[in-house]
Amino acid sequence: MADPFHRFKAMRFEARSDALGAYPLVVLSDTSRGRSVRIAHHGATVLSMQVTHAGRVVDVADGYRDEAELAARPSSRFAIMAPFANRIADARYRFDGVEHDLQPGVPEGERAARHGFVRGTDFELARLHADEHMAEARFTTRIAADAHPGYPFAIGLAIHYRLDERGLTLQASMHNEGDRPAPCFFGWHPYFRLGDTPLDTWELQIPAATTVATDARYIPLPGAAARKPLDETPGLDLRAMRPVGPLKLDNAYVDLAADTDGLIRSRLRDPASGLGLALWQERGVTLAFSADTVSRDVRRSLAVEPMESWADAFNRPDCADAIRLEPGAQRSFRCGVEFETA
């Protein structure tokens, strides 16, 4: 393992250790472009993404601000979501004919399983490195079989961050370390903030043909009823860049169109300053959330969340192949952020 207190510096890129109170961090820097990313070992959580735009340093990540927030994890800011993302209906699911209960004994009406198990986990730092092309950090943890009620599966999880001239890449790898198939998939919960201008004025584009129809608990409707063509719901149609305006978003988008390089990009831009970014992913689902119900700074940031599969995927036959991981098998999911700066 790399020495977590070592400092790697190679011309333009640097990787070093730091701390937020009692919590160890790593800092990845692109010194030639004036960019840096701070990541806590706790949850492998991004805390900040500083970029230089028009001669000014701007933090485009609305992450946890201090030690207390990182400990309490309000609003799941930049959460690594594994072995499932978003919600599982009533905290129950059926896999390979067996019923599982993630919250045994919890009364109906109080049951809420969301965002997986690792948000409060202290990850191991397995690699910290920089060279002339990039700076990187690799974090690892293990979800032990029966460590969590209703999830009797053993999953090794690695989270690899890489900062290079293109931006920040996140690669999540899951390895089934058990002797039976396991349900698992990955999601990321970043919140972005483009300076101090109002969110309503920012422009957003998500290249999706379909939005996901849900019930009042934000659980997708069964089967084909969950797919709502955006031609029938123009108010949520973000295929062309448009101002967020008064939209209250907590919506998932599917049937995503890739650019010519094979990557799916959702774009967010502040027309007043020209600062923007593209959240990219290779496949899956994109969820947009306008932060109307967060614990602080309501509608001051916008979450654009890449997910490998749907909310409640553990209960959806149409997601069964995407979430199934055979014994000894490994599956990876890549996403990232490209910065658009002047």
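The structure is a predicted model, in which local features need pLDDT of at least 70 and side-chain atom pairs count only at pLDDT 80 or more, while totals for chains, interfaces and linings use all residues. Residues are numbered from 1 along each chain as its sequence is written, and side-chain values use heavy atoms, with hydrogens and water left out.

In soluble globular proteins, nonpolar side chains tend to be buried together. Here a nonpolar core is a set of buried Ala, Val, Leu, Ile, Met, Phe, Trp, Tyr and Cys residues joined through side-chain atoms within 4.5 Å. Buried stands for under 20% relative accessible area, exposed for over 50%, and partly exposed for what lies in between, with a 1.4 Å probe and protein chains only. The largest such core holds 96 residues, and M49, I80, Y151, I159, Y161 and W188 have the most contacts inside it. Strand β14 (residues 155-164) gives the most to this core, namely five residues. (Strands are DSSP runs of E with at least two residues, helices are runs of H or I with at least four, and both are numbered from the N terminus.) Another core, of seven residues, lies apart from the largest one, and its members include L20, A40, Y64 and L70.

Contact is taken as heavy atoms within 4.5 Å. With neighbours within four places in sequence left aside, Y151 is in contact with a list of residues including P83, Y93, L102, F117, I143, C184 and F314.

The strands come next. Two strands pair if DSSP finds at least two bridges between them. Strand β14 pairs with β15 in the antiparallel sense over ten bridges, and a hairpin connects β14 to β15 through two residues. Within this pairing, H160 has Q171 of β15 as its bridge partner. Strand β15 (residues 167-176) also pairs with strand β29 (residues 330-340), again in the antiparallel sense, over nine bridges. There, the bridge partner of L168 is V337 in β29. How much of β15 is covered? Eight of the ten residues in β15 are buried, so the strand is mostly covered. As a general point, side chains in a regular strand alternate between the two faces of the sheet.

D18 is partly exposed at 35% relative accessible area, and R16 is partly exposed at 24%. Another salt bridge links D255 and R227, whose closest N and O atoms are 3.0 Å apart. This pair connects distant parts of the chain, with D255 in strand β23 (residues 250-256) and R227 in strand β21 (residues 227-229), 28 residues apart. D255 counts as partly exposed at 41% relative accessibility, and R227 does so with a relative accessible area of 37%.

R265, found in strand β24 (residues 264-269), deserves a look of its own. Is R265 buried or exposed? R265 counts as buried because its relative accessibility is 9%. The side chains of R265 and D259 meet in a salt bridge of 3.0 Å, N to O, and D259 counts as partly exposed at 29% relative accessibility. Elsewhere, salt bridges that share partners join D62, R65, E69, R77, R193, D196, R296 and D297 into one network. R265 also has a polar contact of 2.7 Å with the side chain of D261. (A polar contact is a pair of N or O atoms within 3.5 Å; within protein, one must be able to donate a hydrogen and the other to accept it, and residues adjacent in sequence count only if both atoms are side-chain atoms.) Beyond neighbours within four places in sequence, the contacts of R265 include Q205, P207, W280 and E338.

Finally, what about the cysteines? A disulfide is a pair of cysteine sulfur atoms within 2.5 Å, and a search of the whole structure finds zero of them. C184 is buried at 0% relative accessibility, and C319 is buried at 3%.

Conventions. Salt bridge = Lys/Arg side-chain N within 4 Å of Asp/Glu carboxyl O.
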